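Here's a quick briefing to read with the model open beside you. Have a look at the fold, then come back for the details.

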Amino acid sequence: MRQQMNSNAKYIAVLYQGDVVSVLRQSTADDGESWCLIQNGMYLGYVRRDMLRQMTDMEIVAYLEANHSRPTATPIVTATPRAQSAMASCWGIISSWTQTH
């Protein structure tokens with residue numbers, strides 16, 4: 001997880017394949033790369049979009065039934081709220097991991 005939408009930006013935290021994160025927003029950087037603003041526990045930062053996949057409804061239910069609490073997003077002044085259906089996923093799962101990302 002990085003501090004900014006840039007592969008050279010400072011690391012905030014290390015995430016591993018299978019980690020579940022809350023996806024708050026998706027953006028495109030100046031270089032054309034797609035990035036997601038995510039929250040993982042107390043950490044808020046960016047992960048490249050190609051490193052995430054959206055969880056299925058069944059995965060979300062299983063995750064929540066396993067006594068995991070739903071992450072609470074830290075409010076961001078610049079974020080624009082969007083309406084979502086009850087089953088629309090705002091959960092993501094780390095789909096790949098390499099030391100260079």
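What follows covers the overall fold, the strand pairing, the core, the salt bridges and the confidence.

This is a predicted model, in which local features need pLDDT of at least 70, side-chain atom pairs count only at pLDDT 80 or more, and totals for chains, interfaces and linings use all residues. Residues are numbered from 1 along each chain as its sequence is written, and side-chain values use heavy atoms, with hydrogens and water left out. Helices (H or I, at least four residues) and strands (E, at least two) are DSSP runs, numbered from the N terminus.

**Overall picture**

- Of the 101 residues in the protein chain, 30% are buried; buried means under 20% relative accessible area, exposed means over 50%, and partly exposed is in between (1.4 Å probe, protein chains only).
- The accessible surface of the protein chain is about 6,800 Å², and carbon and sulfur atoms hold 52% of that. The areas come from the Shrake-Rupley method with a 1.4 Å probe, and for residues only the protein chains shown count as cover.
- Among contacts in the protein chain with a separation of 6 or more, 57% are between residues 24 or more positions apart. A contact here means heavy atoms within 4.5 Å.

- Strand 1 (20–28) and strand 2 (34–40) run antiparallel and are joined by six bridges. Two strands count as paired if DSSP finds at least two bridges between them.
- Ser22 has Gln39 in strand 2 as its bridge partner, and Gln39 also stands opposite Leu44 in strand 3.
- The hairpin of strand 1 and strand 2 has five residues between the strands, and Gly32 there takes a positive phi near 90 degrees.
- Strand 2 also pairs with strand 3, again in the antiparallel sense, over six bridges.
- How many of the seven residues of strand 2 are buried? Five are, so strand 2 is largely enclosed by the rest of the structure.

**Nonpolar core**

- The largest nonpolar core brings together nine residues: Met1, Ala13, Leu15, Val21, Cys36, Ile38, Val47, Met51 and Leu52. A core of this kind is a set of buried Ala, Val, Leu, Ile, Met, Phe, Trp, Tyr and Cys residues joined through side-chain atoms within 4.5 Å.
- Ala13 is in contact with Met1 and Tyr43, once its neighbours within four places in sequence are set aside.

**Salt bridges**

- Side chains of opposite charge can pair when their charged atoms come close.
- The structure holds three salt bridges, each defined as a side-chain nitrogen of Lys or Arg within 4 Å of a carboxyl oxygen of Asp or Glu.
- Glu33 and Arg48 meet through their side chains at 3.8 Å, N to O. This pair links distant parts of the chain, with Glu33 in the loop between strand 1 and strand 2, and Arg48 15 residues away in strand 3 (residues 43–48).
- Arg48 is buried at 12% relative accessible area, while Glu33 is partly exposed at 33% relative accessibility.
- Arg48 forms a salt bridge with Asp50 too, where the closest N and O atoms are 2.7 Å apart; Asp50 is partly exposed, at 46%.
- Put together, Glu33, Arg48 and Asp50 make a network of salt bridges.
- Arg53 pairs with Glu59, the closest N and O atoms being 2.7 Å apart. Arg53 is partly exposed at 34% relative accessibility, and so is Glu59, at 26%.

**More on Glu33**

- Not counting residues up to four places away in sequence, Glu33 touches Ser27, Thr28 and Arg48.
- Glu33 and Ser7 are 26 residues apart in sequence, and their C-alpha atoms are 9.4 Å apart.

**Confidence**

- The protein chain averages a pLDDT of 78, and 65% of the residues score at least 70. pLDDT is the predictor's confidence in each residue, from 0 to 100.
- Among the elements, strand 3 has the highest mean pLDDT (93) and strand 5 (residues 91–94) the lowest (64).
- Over residues 83–89 pLDDT stays under 50, and the model has five contacts for them beyond four places in sequence.
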